[in-house]
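Q: I have a structure open and would like to go through parts of it with you. Could we start with the aromatic residues and then move on to other regions?

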Amino acid sequence: MLIIPAENAINWKRPPWVTLGLIMACLLVFLFYQGGDSRKLEQAVEQYLSADLHELEAPAYEDYLQRQIQFQGEESRVYELQQFQQLREENEHFWLAINLMMDREFYQYLLQNRDVIWAPAERAHWQEQRSIIEQDYLQKLSANQLGLVPADLSLYTLITYQFLHGGWGHIIGNLIFLFLLGFTVEKALGPGRYLIAYLVCGALSGLMFTAFSAGSYVPLVGASGSISGLMGMYVAIYGLQKIRFFYFLGVYFNYFRAPAIALLPVWVGKEIYDYWYAGATGIAYMAHAGGLIAGAGLVWLLGKSWLQVREEFFEPEEEEQDARFTSGYAQAMASLGRMEFDLARRQFEALREHYPERHILLEHLYHLAKLRPDLPEYRDRTKELMNDALSRRQPEQMLAIWQEYLVKGESYQPLAAEDHNRVLFTSLKQHDLKAAEKAFERLKSTGDDMLTTEACRLLAEEFEKRQMAPKARHYRQLLQAG
């Protein structure tokens, strides 16, 4: 069963650049840096088999697995032993070599017990050949170079391991969750703090993994710990607020609503359970749990200061927004009905601050301003509505608003030369030459010689195209006179 939060939709006008950058970094590292691992591993297998090291190590590996099962109670090793024995019976030398070389704990076991396991001649051959394979190939694999190895912990690997992955399934799964959770948390914290918090969560996740795997030589790779930190930050940001979750069960999927904080104990409990009872899967469950706790802790402990969640992050749900708008709009319309125009104007202005995309609010403010054409507000609302009409690709409405203003408001508060010039261009595009000439006359009256000259030239060219010689000659003469 898969459960993920699905409260927010991405705003592509303000993309989550850090989240997209992290995704791209992981992909580039996987494709170009880790892309050479398969070739190195193939070369290691060739040299390993040519040196007959599998003949030396295979009996020791069976004994090693049996000891792990018998004396250390690692029941998960039973399946590994059965699989290994099957590979030996079927003479699958390639996969046999892969199993033997890539078990880093087994390699340490051989180093510590080589004097007991082999006779001097065999031991010398093994040590010579195995050392070459380790130095030339295995130690150059990306996981061994930049992965987090608990027994050989380095500070830089607490960061670098977050960008390595073990295969296509691993990276695709991680990047899907990074995108789904990352853009929401980035919106809440801001790009800079989000990036730092992401890397810190990954580092703390790696430290928790190291604490529970002390002495292990198995490298940890992947962004899972960091992404678990995003889950923790997501839960801490929303707290007790009810959010929408998406769940997938078999072939059935749906949404449900629940307090965000309910996800925290469920996730931690699942990870701890899987760590103790599902260890055979090879997933770093304690790293996941560590990342989740680190993410939630960062927001809760530092949320009042450095990691303050931005207030604009918390936006009402769409249904709640619609309900609020409907209520506020009804109140403003009621004020209009009572002819309380000042109150209605203030109410529409307040609504427009919260709902700037609602075109109807600007229209109401325009009509209210039109009641007093002698005031500058009417001119300002006219210009706003003209620009709005152009942005919505309604040039006819833009010209109608301009025509109306010429009648009612131009004598009080004249429009600027730029406004008339914009009308002239729009009229020419609409092939409305009458309106274009009218706009030219208004533009000429403003005294802006540069715009007037350019407009005159455009009109002359337009009339020449239409073979309207008298009109074209008239504007050419105006150009010469100017």
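**Aromatic pairs and selected helices**

A: Phe-94 counts as partly exposed, because its relative accessibility is 36%. Please keep in mind that this is a predicted model.

Q: How many aromatic pairs are there?

A: The count comes to 19 aromatic pairs. In one of them, the rings of Phe-94 and Trp-95 have their centres 5.2 Å apart and their planes at 90°, so this pair is edge-to-face.

Q: Is Trp-95 buried, partly exposed or exposed?

A: Trp-95 is partly exposed, with a relative accessible area of 47%.

Q: What about Phe-440 and Tyr-475, how are those rings arranged?

A: Phe-440 and Tyr-475 also form an aromatic pair, with 5.4 Å from centre to centre and 80° between the planes, and the arrangement is edge-to-face. This pair links distant parts of the chain: Phe-440 belongs to helix 21 (residues 433–445) and Tyr-475 to helix 23 (residues 469–481), 35 residues apart.

Q: Are Phe-440 and Tyr-475 buried or exposed?

A: Phe-440 counts as buried, at 1% relative accessibility. Tyr-475 is likewise buried, at 1% relative accessibility. The cut-off for buried is under 20% relative accessible area.

Q: Which residues do ring pairs link into a cluster?

A: The cluster consists of Tyr-61, Tyr-64, Phe-84, Phe-106 and Tyr-109, linked by ring pairs.

Q: And what lies over the face of Phe-325?

A: Arg-358 does, at 4.1 Å from the ring centre.

Q: Changing topic: where is Glu-186, and is it buried or exposed?

A: Glu-186 is in helix 10 (residues 168–189). With a relative accessible area of 4%, Glu-186 is buried.

Q: What does the side chain of Glu-186 reach?

A: The side chain of Glu-186 reaches the backbone nitrogen of Trp-17 at 3.2 Å. A polar atom of that Glu-186 side chain also lies 3.1 Å from the backbone nitrogen of Val-18.

Q: Where does Asp-52 sit?

A: Asp-52 is in the loop between helix 2 (37–50) and helix 3 (53–72). Its relative accessibility is 43%, so Asp-52 counts as partly exposed. The C-alpha atoms of Asp-52 and His-125 are separated by 9.8 Å, although these residues are 73 residues apart along the chain.

Q: Which residues of helix 16 are buried?

A: They are Ala-344, Gln-347, Phe-348 and Leu-351. Viewed down the axis of helix 16, these buried residues fall within an arc of 100°, so they line one face of the helix. An α-helix has 3.6 residues a turn, so residues three or four places apart point the same way.

Q: What is on the other side of helix 16?

A: Asp-342 and Glu-353 are there, and both are exposed.

Q: Last one: what does helix 20 pack against?

A: The buried residues of helix 20 pack against helix 18 (376–391), helix 19 (395–408), helix 21 and helix 22 (449–465). Those buried residues include Asp-419, His-420, Val-423 and Leu-424. Helix 20 (residues 417–429) has 13 residues and reaches 19 Å from its first C-alpha to its last, close to the 18 Å expected at 1.5 Å a residue.

Q: What comes just after helix 20?

A: Just after helix 20, His-431 takes a positive phi of about 60°.

Technical notes: Residues are numbered from 1 along each chain as its sequence is written. This is a predicted model: local features need pLDDT of at least 70, side-chain atom pairs count only at pLDDT 80 or more; totals for chains, interfaces and linings use all residues. Side-chain values use heavy atoms; hydrogens and water are left out. Helices (H or I, at least four residues) and strands (E, at least two) are DSSP runs, numbered from the N terminus. Buried means under 20% relative accessible area, exposed over 50%, partly exposed in between (1.4 Å probe, protein chains only). A polar contact is a pair of N or O atoms within 3.5 Å; within protein, one must be able to donate a hydrogen and the other to accept it, and residues adjacent in sequence count only if both atoms are side-chain atoms. Rings of Phe, Tyr and Trp (its six-membered ring) pair if their centres lie within 6.5 Å; planes under 30 degrees apart count as stacked, over 60 as edge-to-face and the rest as tilted. A charge sits over a ring if NZ of Lys or CZ of Arg is within 6 Å of the ring centre and within 35 degrees of the ring normal. The expected span of a helix is 1.5 Å times one less than its number of residues. Contact means heavy atoms within 4.5 Å. The arc is that of the directions from the helix axis to the C-beta atoms.
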